Amino acid sequence: MISTRGFKRSTVQTFRVSLFVLFVIELLNPLNIEQARAQTPFYQGKTIRVIVGYQPGDSHDLWARTYIRFLGKHIPGNPDFVVQNMPGAGSMIAANHVFNLTKPDGLTLGSIGGALFMAQLTGRKEVQFDWPKYTWIMTPDRGGHLLYMRTDAPYKTFEDLRQTNDPPKCSATGVGSTGYDLPKLLEEALGFKFRVISGYPGGADQDLALERGEVHCRAFIIESFFQREPFPSWMKKNFVRVWLQTERRRHPRLPDVPTVFELMDQYKVSDSKRRLVNTYLGIWGFGSRPIVATPGIPADRTQILRDGFARMFKDPEFQEELKKRKWEVEFIAGEELQALAGEVVNQPPDVAAALKRILSQ
């Protein structure tokens, strides 16, 4: 006879095994796997790399290292961050790297120069990117620019700059940087003569070059000029003088410094040259420190990054940090920059040709 007790025990074991098999089958169902994945934020456990196209201590670097202290909590999954400096050629090296050599997974951001598109517009051979194809995240400001010069330089008036046969030497990292482009534009529009010495790795090298007397001048971002040393100390010691600014109205911190537009009136600049200046300055919509990502990253991750930055800039703790550092902001969202990027590289042929002639010298 078959034991009833044994039969019941084997039946129960078989039932348990069957339940376990059904559970495993259900667990391995692709739909359920996808649902489980969807419940876990993509950025959880990940590290976002921020590639800065300038040296440690430059304004781009200072901003990037400030971002990574606050940004994680505004991105679902609270990812980690690391800053990697990749200086050279006015951030061209970093821009090319982010565009070509990083995966389109949303784990790489780039902090590059906002005027770098000029290098593409003028057909520079170093350009290995297509400006509109970056994934545009945001820019913290649309600040103007200035040109400063050592006070002991042998140039005291604008007329000196127009008449000299030995132009002042201005430092720059490379084409597409304010240091390179602005003196060239001023020479074309106003007849001010400069000799641009490009190839400096970053701002610290240019600061030392000015102090050593290798160069006399530099075009620079207004806000950054007041935000970090050595500029405040230089001004206090009367080591440098600000000659002009690109704002349409005089900046509150530079009430005695003429604007480019005032100077164009003073020197009765022709309409064609005014259009050139307006085109160059008017499309400075990317600011000086835009944040980009690799082309082609998934749309949902693009939105996560854009929203994360937007929330961070409204964070009271981040706002307090900005106030402490005396950093002024005018947050511009990535959607606006994405549209602008397509416009700036499609200039009328005459404007593009003039810019190419000026900025490719």
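**Reading a predicted fold: a dialogue**

Author: The protein chain has 16 helices and eleven strands, where helices (H or I, at least four residues) and strands (E, at least two) are DSSP runs numbered from the N terminus. This is a predicted model, in which local features need pLDDT of at least 70 and side-chain atom pairs count only at pLDDT 80 or more, while totals for chains, interfaces and linings use all residues. Residues are numbered from 1 along each chain as its sequence is written, and side-chain values use heavy atoms, with hydrogens and water left out.

Reader: What percentage of the residues in the protein chain is buried?

Author: Of the 361 residues, 51% are buried. Buried means under 20% relative accessible area, exposed over 50%, and partly exposed in between (1.4 Å probe, protein chains only).

Reader: Which residues of helix H15 are buried?

Author: An α-helix has 3.6 residues a turn, so residues three or four places apart point the same way. In H15 (residues 334-344), the buried residues are Gly 334, Leu 337, Leu 340, Ala 341 and Val 344. Viewed down the axis of H15, they fall within an arc of 115 degrees, so they line one face of the helix; the arc is that of the directions from the helix axis to the C-beta atoms. These buried residues pack against helix H5 (117-121), strand S4 (135-139), helix H13 (299-314) and strand S11 (332-333).

Reader: Which residues have the most contacts inside the largest nonpolar core?

Author: In soluble globular proteins, nonpolar side chains tend to be buried together. A nonpolar core is a set of buried Ala, Val, Leu, Ile, Met, Phe, Trp, Tyr and Cys residues joined through side-chain atoms within 4.5 Å. The largest has 66 residues, and Trp 131, Tyr 134 and Phe 192 have the most contacts inside it. Apart from it lies another core, of 27 residues, including Tyr 54 and Trp 327.

Reader: Is Trp 63 buried or exposed?

Author: Trp 63, found in helix H3 (residues 59-70), counts as buried because its relative accessibility is 1%. Beyond its neighbours within four places in sequence, Trp 63 is in contact (heavy atoms within 4.5 Å) with residues including Pro 140, Phe 313 and Trp 327. Trp 63 and Pro 140 are 77 residues apart in sequence and 9.3 Å apart in space, C-alpha to C-alpha.

Reader: How do the residues of the lining of the largest pocket divide?

Author: The lining comprises three nonpolar, six polar and five charged residues. Here Ala, Val, Leu, Ile, Met, Phe, Trp, Tyr, Cys and Pro count as nonpolar, Asp, Glu, Lys and Arg as charged, and the others, Gly among them, as polar. A pocket is an open set of points on a 1 Å grid over the protein atoms alone, where a 1.4 Å probe fits, with protein on both sides within 12 Å along at least five of seven lines; lining residues have an atom within 4 Å of a point.
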